[in-house]
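This briefing goes through one protein model by topic. Please have the sequence and the coordinates open beside the text.

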Amino acid sequence: MIRSNQLPRSIRNCNPGNIKWCLGNQWLGQIGKDSDGFCIFSTTKYGARAQMRLLLDYYTEHHLLTIGQIIDRWSNDEDQVRANYKNYVAKHCNFEIHQPLYYYQSMFFVAFAMADFEAGETYPYRKLQEQGYQEALNGASTSDALPLNA
């Protein structure tokens, strides 16, 4: 039996994208942060929703249109880890690192691949991820720095 503290952080925290906690953001379903400053969500659906909202914000507000641009902003890891991250996501999405993405169609694939990379394995709660991603895509605003009832 695997103890919860032995699970990858993204699974343990119901945070598929390993989103860092930020004072300005109160994500829907966020219930705290861990000792390393990563958000903890009540369910994977809410963590996935926050991940997709951030990705949509990167695309629409910051004009980050490629996997390379998105990962450069998303990850603060050393260059080699970030390069591996880009290659992993690009390969799993069947895109080139610097190829412009197609907004909605691409973001599902990118989000799933990023979650798998963050977990170091296939993220185990695909249905909840999909629900969260779909909820974010159907939302009116990409900014989620809203009250917890958003």
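**Helix packing and the nonpolar core**

In this predicted model, the residues Thr-44, Lys-45, Ala-48, Arg-49, Gln-51, Met-52, Arg-53 and Leu-56 of helix H2 meet Leu-128, Gln-129, Gln-131, Gly-132, Tyr-133, Glu-135, Ala-136 and Leu-137 of helix H6, where contact means heavy atoms within 4.5 Å. Helices (H or I, at least four residues) and strands (E, at least two) are DSSP runs, numbered from the N terminus. Residues are numbered from 1 along each chain as its sequence is written, and side-chain values use heavy atoms, with hydrogens and water left out. Local features need pLDDT of at least 70 and side-chain atom pairs count only at pLDDT 80 or more, whereas totals for chains, interfaces and linings use all residues.

**Helix H2 and its partner**

- H2 and H6 pack at an angle of about 45°, with their axes 7 Å apart, the axes being lines fitted to C-alpha atoms over the stretch in contact and the angles running from 0 to 180 degrees between N-to-C directions.
- This angle makes H2 oblique to H6, since angles under 35 degrees count as roughly parallel, over 145 as roughly antiparallel, 65 to 115 as roughly perpendicular and the rest as oblique.
- The 17 residues of H2 (residues 44-60) should span 24 Å at 1.5 Å a residue, and the end C-alpha atoms are 24 Å apart, which agrees; the expected span is 1.5 Å times one less than the number of residues.
- H2 is mostly covered, with 14 of its 17 residues buried (buried means under 20% relative accessible area, exposed over 50%, partly exposed in between, with a 1.4 Å probe and protein chains only).

**The largest nonpolar core**

- Among the 39 residues of the largest nonpolar core, Ile-67, Val-89 and Met-114 touch the most other members; such a core is a set of buried Ala, Val, Leu, Ile, Met, Phe, Trp, Tyr and Cys residues joined through side-chain atoms within 4.5 Å.
- Two or more residues of this core come from each of strand E2 (39-41), H2, helix H3 (67-74), helix H4 (79-93), helix H5 (103-119) and H6 (126-138), and H5 gives the largest share, nine residues.
- Leaving aside residues up to four places away in sequence, Met-114 touches Pro-16, Gln-51, Leu-55, Ile-70, Ile-71, Trp-74, Tyr-85 and Val-89.

**Two loop residues with positive phi**

- Most residues other than glycine have a negative phi.
- Cys-14, in the loop between helix H1 (9-12) and strand E1 (30-33), has a positive phi near 55°, and Cys-14 is buried, at 17% relative accessible area.
- His-63, in the loop between H2 and H3, has a positive phi near 55°, and His-63 counts as exposed at 55% relative accessibility.
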